[in-house]
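Hi,

Here is the model I promised to pass on.

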Amino acid sequence: MLVLVAGATGNIGQKLIASLLRRGHRVRALARSPEKLSAATTAQLESFVKSSTYYDVPALDAACAGVDAVICAYNGTPELQVEGQLFLFRAADRAGSVRVFVSASWNADYRRQGLGAHESYDGYHCFRRLAELASATLRPHFVFSGILAEVLFSAPGRVSFAPSNHGVWDPEAKRAEIWGDPARKWQWTSEADAAEFSVAIAEREDAAEGGFWTVCSGYDTLEDIARVYGQVRGTPVEVKRVGSVEELREKALVGRARSHPSRMWDYIGYFYVLFIVDGTWEPGSFDNEKLGVKGTSLEEFLRQNPEI
């Protein structure tokens, strides 16, 4: 296949390129800054289409022309979740050749919640519905991967999920903070595995039908994650129980009431944790086996990423 990776120079975009090339596909890249790719990677591309903005329609049309599949790797800002993906989706639909569209949706399964329940997922709700209204033939895929491992550990160049940002992993103090039941498991996926799952979806014979996929690299308690981290790094990790689910819910709601949706990053970390520990985002069965992708173990992930 000839596959377009949109947002190709980002963290997951580059991993998508690597996965596609390993599997023997031709890859076209779309992004604003071609210099962010290594010369070796650029040399293996079918082409690189440089865009000026997410609404650069001529660049989008050129990027989608003649491709078989589009995988979007835009980041999670609201304008890219909705407008950016919709501009890209419409260009893919206009191209006529595109039969597969994998959206940028590596997150928890938000389908049980409506608009306003979790502000940083509102854009995904909107794009899903607008895509249905925009095309009767091109049907997107949505990938529910839980938290990305690089985000969980606040890896360099990613969003911080430290307690100072209302997350649970303190990368400096080497401490995991637990709200509620310590036996609650967390669905997590490495960026590399997220790319592998996405490419496997695009390769399926029934890929044109679109759909929803629940995947993971692992499904573990924070206590187990802390234990494995300590074993791999040879560094003790403190596990601290900080409060109940209802105490966390109160913090989240107070944070929201004191802020505004346009400043959701002031408080949204509370809700990311809340909807995991209260079971709202508890996944059902995983589609790893159906997609033929074996998730990376936590030990392997940590050894592959010594900077974490």
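Tryptophan 169 sits opposite alanine 176 of E9 (strands, E, are DSSP runs of at least two residues, and helices, H or I, of at least four, numbered from the N terminus). E8 and E9 (residues 175–179) run antiparallel, paired over two bridges; a pair needs at least two DSSP bridges. They belong to an open, mixed sheet of three strands, ordered E8-E9-E13. Its edges are E8 (169–170) and E13 (238–243), each pairing on one side only.

Before you go further: this is a predicted model, where local features need pLDDT of at least 70 and side-chain atom pairs pLDDT 80 or more, while totals for chains, interfaces and linings use all residues. Numbering starts from 1 along each chain as its sequence is written, and side-chain values use heavy atoms, with hydrogens and water left out.

Next, arginine 204, in the loop between H7 (191–203) and E11 (211–214). Leaving aside residues up to four places away in sequence, arginine 204 touches Arg99, Trp213, Lys290 and Leu291 (contact: heavy atoms within 4.5 Å). A polar atom of the arginine 204 side chain is 3.5 Å from the backbone oxygen of lysine 290.

What about the lining of the second largest pocket: how many residues are nonpolar, polar and charged? Six are nonpolar, three polar and four charged (Ala, Val, Leu, Ile, Met, Phe, Trp, Tyr, Cys and Pro count as nonpolar, Asp, Glu, Lys and Arg as charged, and the others, Gly among them, as polar). H5 gives the largest share of that lining, three residues.

Cheers

Definitions and conventions: A polar contact is a pair of N or O atoms within 3.5 Å; within protein, one must be able to donate a hydrogen and the other to accept it, and residues adjacent in sequence count only if both atoms are side-chain atoms.
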